[in-house]
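Dear colleague,

Please find below the structure for your review. My findings follow directly after it.

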Amino acid sequence: MSLQDDGNLKPHARSVEIGKQFVVDRVGGKVVGAPLRNLTAAEIRVLNRGGKDHTFELLSVSSPTGKATTDLLVIHEFVKNKNKPFVAVTSIGEVYSGICE
């Protein structure tokens, strides 16, 4: 989904990220794989490591043009099955959601 100028979310014109896989280092916060990779981020902050009662929360801050951009990833670690739902929001208004294993 993409954030539109009128404040609404609209599906991506191309569904290029459906089925993509990424890996999250839950300790250091590195994310490998599109669309959420953060290997060049100036700052990576694990806000909450998650667990059986909490969400995993990760904030990535970059500054490629001198202005800070942020990406947020939240994984519902507390869900009691193998598949954990996630949502991610990028600084350019893209919203991704799905299931983590």
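Glu-43 is partly exposed in this predicted model, with a relative accessibility of 34%. Its salt-bridge partner is Arg-45, and the closest N and O atoms of the pair are 2.4 Å apart. Arg-45 is likewise partly exposed, at a relative accessible area of 40%.

The count of salt bridges comes to two. The other pair joins the side chains of Glu-77 and Arg-26, with an N to O distance of 3.8 Å. Glu-77 belongs to the loop between S7 and S8, and Arg-26 to the loop between strand S3 (23-24) and strand S4 (31-32), so this pair ties together parts that are 51 residues apart in sequence. Glu-77 counts as buried because its relative accessibility is 17%, whereas Arg-26 is partly exposed at 38%.

Both residues of that pair are also in contact with Phe-56.

Finally, the second largest pocket has a volume of about 260 Å³. Of its 17 lining residues, Pro-35, Arg-37, Asp-71, Thr-90 and Ser-91 lie nearest the centre. Strand S6 (54-62) and strand S7 (69-75) are the elements that give two or more residues to this lining. By type, the lining comprises six nonpolar, seven polar and four charged residues.

Kind regards

Technical notes: Residues numbered from 1 in each chain as written. Predicted model: local features only at pLDDT ≥ 70, side-chain atom pairs only at ≥ 80, totals over all residues. Heavy atoms only, no water. 1 Å grid on protein atoms, 1.4 Å probe; cavity = no way out; pocket = protein on both sides within 12 Å on 5 of 7 lines; lining within 4 Å. Points joined across faces, edges and corners; volume = space filled by probe spheres on them. Helix = DSSP H or I, 4+ residues; strand = E, 2+ residues; numbered from the N terminus. Nonpolar A, V, L, I, M, F, W, Y, C, P; charged D, E, K, R; others polar. Contact = heavy atoms within 4.5 Å. Salt bridge = Lys/Arg side-chain N within 4 Å of Asp/Glu carboxyl O. Buried < 20%, exposed > 50% of the residue type's maximum accessible area, 1.4 Å probe, protein only. Lists of a residue's contacts leave out its neighbours within four places in sequence.
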